[in-house]
Amino acid sequence: MYDVLIIGGGINGVGIARDAVGRGLNTCLIEKGDIASQTSSWSTKLIHGGIRYLENYDFKLVRESLKERDIIKKIAPHITKPIKFVLPHVPSLRSSWMIRMGLFLYDRLGGKSSFERSKFIYLNQQFDENPLKENFKGGYMYSDLFVDDSRLALLNAEDAINRGAKIYVNTNITKVIRDNEYWSVYLENGEILKSKVIINATGPYTISVLNNIFGIKSKKKLRLVQGSHLVVKKIYDGDQAYILQLSDKRIIFMIPYKKNYTLIGTTDHEVESFENPKITDQERTYLINSVNSFIKKKINNNDIIWTYSGVRPLVEDNNQKASKISRDYTFEIDDIKGAPIITVFGGKLTTYRKLSEQVMEKLSKYLYFSSKSWTYNELLPGAHNNEIDNINISEKIIGRLVETYGNKISKLNEYYNEFETGGELIFGDFYEFEVKYLIKEEMARTSEDILFRRTKLGINFPKEAKDKLEIILKRHL
Ligand SMILES: Cc1cc2nc3c(=O)[nH]c(=O)nc-3n(C[C@H](O)[C@H](O)[C@H](O)COP(=O)(O)OP(=O)(O)OC[C@H]3O[C@@H](n4cnc5c(N)ncnc54)[C@H](O)[C@@H]3O)c2cc1C
């Protein structure tokens, strides 16, 4: 008998699982695909206060998010990186006093912070290379945190497992039966699980899961808003990112990504369905034209290396404009007709940890467990700063591995040692031992799991290398 059974292995589901098991609850999570295979791997990858939410007077969300920014930087230093954001001033869109006021709040709302405060800068003088057109003279600079979104989810899942949670991936639920005291959950593999409480953390699927699996009609509605990104050849040298104000009052980001690329996004494109989101031609053109209205060296379709899209599960607040709908989260509890089910609506990557704590508060009505928060202080796997000795992995390939896995490199080294010089070379600096490690230690099952969620090698990965990876996968599964 589980205390809690969570449905959905996106950032919110795994965050809840980690918090729950760490407080002594017997915890289980069911994910129908891979961990972070939906929205949680298709984000802009920012742990941020969300400066633009100030315009919507969403002060509570910004305050909470700014606090979380410092906490996530502390618990996941190996997969996060503070980045300076440059906001070129466009007087016709927002006045300087308004921007100054916004940044004043952004610097202070979260309380004491390790992030640098904002300041005015001259765009031509601040960096070695200024990619912006000469008519943009001045701007403001502030800092936020960049994160590997899917690895953030994976590390939460891994830590939950290390602490005793049971996580099923690639597993569908076929039916549920509700009793007064507990739920029976039937899995496609024939297992029947029992749990006192269920948590529905299925992101864009939330309402369809409630309707179709539980037969519950929600009072809330979701607005499904697709956001797309382009990954293009690096537009400029330098570590700074840009936040560009567009004439439709939206903003987009231009962020240095993985040494050779620039990440551009995002859009707000309303969709009917949350299955298989894919960038439209219109979104592609919108992103290219928007960036080109700011930069000196124009980009075009040929510069695009990769695109990705995700669907935001936003809680309908009857706002006309998709970009204005709050990114905050809320819950719905159904406990009248038997064992309880708590449903999570909305939420950002940035707020997953706080959201999980609030789920614990809701759970305390039904279960007896420690009320002490703990996730704000406990590092995620790979984050410990202990010395790494006796590594045999060659210096040529160790850089990317440390960047991706932090101090889990010691474990990777054990796999490296099983083979002669790391096993077969698949592509670039990617060898067989890493594949075996990902299968045995990080729940990878398919080439997609490896190329797009455990690593981002898939951004530019040739077909022949993929065929080779498939063969090696079969060898170790
Ligand atoms: C374009 C875009 C940019 C974004 N940028 C940012 C950003 O920069 N910073 C930020 O903080 N937030 C950002 N967000 C928001 C953030 O990505 C999401 O709020 C967050 O990932 C939602 O996580 P989730 O766990 O609720 O949902 P998901 O990640 O979608 O997870 C839900 C999971 O439930 C599973 N599931 C569904 N049905 C079932 C079922 N029947 N049985 C089992 N499992 C099931 C799915 O497979 C999925 O893995 C962005 C979102 C988008 C779309």
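This section describes the domains, the ligand shell and several backbone features of a predicted model.

The chain is divided into three parts: domain 1 (2-39 + 150-219 + 326-363), domain 2 (58-146 + 223-316) and domain 3 (395-476). The C-alpha centres of domain 1 and domain 3 lie 30 Å apart. Domain 1 gives 9 residues to the contact between them, and domain 3 gives 6 residues. On the side of domain 1 that touches domain 3, 4 residues are nonpolar, 3 are polar and 2 are charged.

The ligand is surrounded by 36 residues. The closest are Gly8, Gly10, Ser40, Gly203 and Gly227. Helix 1 (11-22) and strand 16 (304-315) are the elements that give two or more residues to this shell. By class, the shell holds 12 nonpolar, 19 polar and 5 charged residues. Domain 1 and domain 2 both contribute residues to the shell, so the ligand lies between them.

Backbone geometry was also examined. Most residues other than glycine have a negative phi, and most peptide bonds are trans. The peptide bond from Gly265 to Thr266 is cis, with omega near 15 degrees. Thr266 sits in the loop between strand 14 (261-265) and strand 15 (269-270).

Two lysines have positive phi values. For Lys249, phi is near 80 degrees. Lys249 belongs to the loop between strand 12 (241-245) and strand 13 (251-257). Lys249 counts as partly exposed because it has 13 C-beta neighbours inside 10 Å. For Lys259, phi is near 65 degrees. This residue is placed in the loop between strand 13 and strand 14. Lys259 is exposed, since 8 other C-beta atoms lie within 10 Å.

Methods. Residues numbered from 1 in each chain as written. Predicted model: local features only at pLDDT ≥ 70, side-chain atom pairs only at ≥ 80, totals over all residues. Near = placed C-beta within 6 Å. Helix = DSSP H or I, 4+ residues; strand = E, 2+ residues; numbered from the N terminus. Nonpolar A, V, L, I, M, F, W, Y, C, P; charged D, E, K, R; others polar. Domains from an automatic or database assignment. Contact = placed C-beta atoms within 7 Å. Buried ≥ 20, exposed ≤ 12 C-beta atoms within 10 Å, placed from the backbone.
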